Amino acid sequence: MAKTIRVNETPLVLYTLRRADDALILGHRLSEWCGHAPMMEEDMALANMALDLIGQARSLYTYAGEAEGEGRTEDDFAYWRDERGYRNLLLVEQQNGDFARTIMRQFLYANLADLYWRAMMKSEDETLAAIAAKSEKEMAYHVRHTAEWVIRLGDGTTESHARIAAALDELWPYTGELFEMDASEKALVDAGIAVDLGSLRDQWRANVKAVLDEATLTTPEDGWMQKGGRTGIHSEHLGHLLSEMQHVQHTIPGAVW
Amino acid sequence: MAGRESQPMPASFPPADTDALLAHARAVAATVSDPEIPVLSIDDLGVLRDLKIAEDGALEVFITPTYSGCPAMNMITLELELALEKAGFDRVKVTTVLSPAWTTDWMTEDGKRKLKEYGIAPPSEKRAGRGALFGADEVQCPRCGSVRTNRLAEFGSTSCKALWQCQDCREPFDYFKCH
């Protein structure tokens with residue numbers, strides 16, 4: 001009977017797992033919309049974006065397994081770690097809420113991921129650089145698609161404006177964590193493997209603000225920020241998500257299609 | 001490139017030298033088509049990268065995914081193994097490589113023509129740099145050839161396609177996105 005795994009989190013393994021977890025959890029959240037989106041085209045768009053993210057997660061988990069050297073597969077990481085073992089950003093585990101909230105969450109994340117993966121293409125780590133080269137093109141589409149919606153909703157009706165504005169205010173406190181780096185990540189930056197997230201912050205804010213301006217939305221000031229995801233301290237929502245995502249594997253361990 | 005009907009068979013199998021063996025294997029591998037766009041072979045798409053004989057004597061085939069989450073990759077791997085086994089290669093290993101990242105620039109001219117005939121607008125002309133992704137201001141209707149077209153949805157029936165519509169013949173059509 002398979003059991004919850006304890007990962008040997010060397011700096012490279014931890015670094016890779018954090019990005020993999022972001023992609024998997026956000027991909028899973030988006031997949032919850034499948035069959036429920038406000039219209040057919042958007043149902044497909046959300047499912048497509050989910051697929052991009054889950055694909056990125058698969059490559060990253062596979063690499064984390066190689067880097068760890070314990071013979072673990074992508075499925076071991078996805079299905080056999082509990083809430084405290086997950087290293088994703090708090091932003092990506094937040095509930096879908098209404099369509100505006102899902103779009104805003106995706107918009108804030110994609111704007112970082114777009115800059116991040118473009119910078120990671122120059123990583124000294126060949127595998128991460130290769131994953132970056134694929135991911136940056138995908139995230140460029142996520143940025144464009146969600147920006148179009150942010151503008152349409154913000155500069156739309158009184159109702160749509162109120163909803164997207166509320167989503168922005170609710171999610172903004174989760175954006176500080178996007179740029180958080182601990183000592184192990186800083187060492188990887190020095191080694192040329194990781195990207196200094198702090199160096200992306202001004203560009204991220206400028207890109208986000210340009211769209212928010214066009215959407216007649218006010219870019220919030222940075223206040224107190226939520227954090228904890230990178231060390232496994234999560235909001236109450238992640239446990240519920242995992243219990244659903246891991247249910248089949250925990251009921252019938254090792255089940256395959 | 002060999003189609004399904006014209007799969008070349010060497011006079012004697014297995015061929016004596018490695019080059020001939022690999023050329024034969026490549027021709028067989030190139031008959032595998034994309035399960036989601038059956039008019040395109042994986043060679044037309046640029047998904048088939050390389051073949052070599054591994055140290056243990058197995059035939060190793062290298063493929064690269066189009067999009068990270070492309071569900072067709074598992075199917076392509078299976079079909080490659082089947083096609084090559086049927087052609088006499090008893091030990092086949094399919095390896096996925098991520099670098100260099102796949103781009104629509106690798107699609108062959110023949111592939112683009114086949115796409116258009118199938119009713120899918122091929123990715124627009126190659127342009128250097130990131131602007132290429134969104135440079136497709138002009139997408140030609142694969143049915144009537146008009147360039148008076150507009151995008152209906154950024155994300156279409158598969159990861160690689162967007163949904164467009166022609167203003168002249170009014171037909172909606174798939175556009176293979178630049179990547």
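**A helix in chain A, then chain B**

Mentor: Let's begin with α9(A), where A:Asp202, A:Ala206 and A:Ala210 are exposed on one side. Keep in mind that this is a predicted model.

Trainee: OK, and which residues of α9(A) are buried?
Mentor: That would be A:Val208, A:Val211 and A:Leu212. Looking down the axis of α9(A), the buried residues fall within an arc of 100°, so they line one face of the helix.

Trainee: What do the buried residues pack against?
Mentor: Against α5 (99-120) and α6 (126-154) of chain A.

Trainee: And what follows α9(A)?
Mentor: A:Thr216 does, and its phi is positive, near 55°.

Trainee: Which strands pair with β9(B)?
Mentor: β6 (residues 120-121) of chain B pairs with β9(B) in the parallel sense over 2 bridges, with B:Ala121 opposite B:Tyr175. β8 (residues 161-166) of chain B pairs with β9(B) in the antiparallel sense over 5 bridges, and there B:Gln165 stands opposite B:Pro172.

Trainee: What about the hairpin of β8(B) and β9(B)?
Mentor: There are 5 residues between the strands, and B:Arg170 takes a positive phi near 70° in that hairpin.

Trainee: Last one: how many residues of chain B are in contact with chain A?
Mentor: 16 residues of chain B, in contact with 23 residues of chain A. By class, that side of chain B has 9 nonpolar, 6 polar and 1 charged residues.

Methods
Residues are numbered from 1 along each chain as its sequence is written. Chains are lettered from A and ligands numbered from 1 in the order in which they are written. This is a predicted model: local features need pLDDT of at least 70, side-chain atom pairs count only at pLDDT 80 or more; totals for chains, interfaces and linings use all residues. Two residues are in contact if their C-beta atoms, placed from the backbone, lie within 7 Å. Ala, Val, Leu, Ile, Met, Phe, Trp, Tyr, Cys and Pro count as nonpolar, Asp, Glu, Lys and Arg as charged, and the others, Gly among them, as polar. Two strands pair if DSSP finds at least two bridges between them. Helices (H or I, at least four residues) and strands (E, at least two) are DSSP runs, numbered from the N terminus. A residue is buried if 20 or more other C-beta atoms lie within 10 Å of its own, exposed if 12 or fewer, and partly exposed in between; C-beta atoms are placed from the backbone. The arc is that of the directions from the helix axis to the C-beta atoms.
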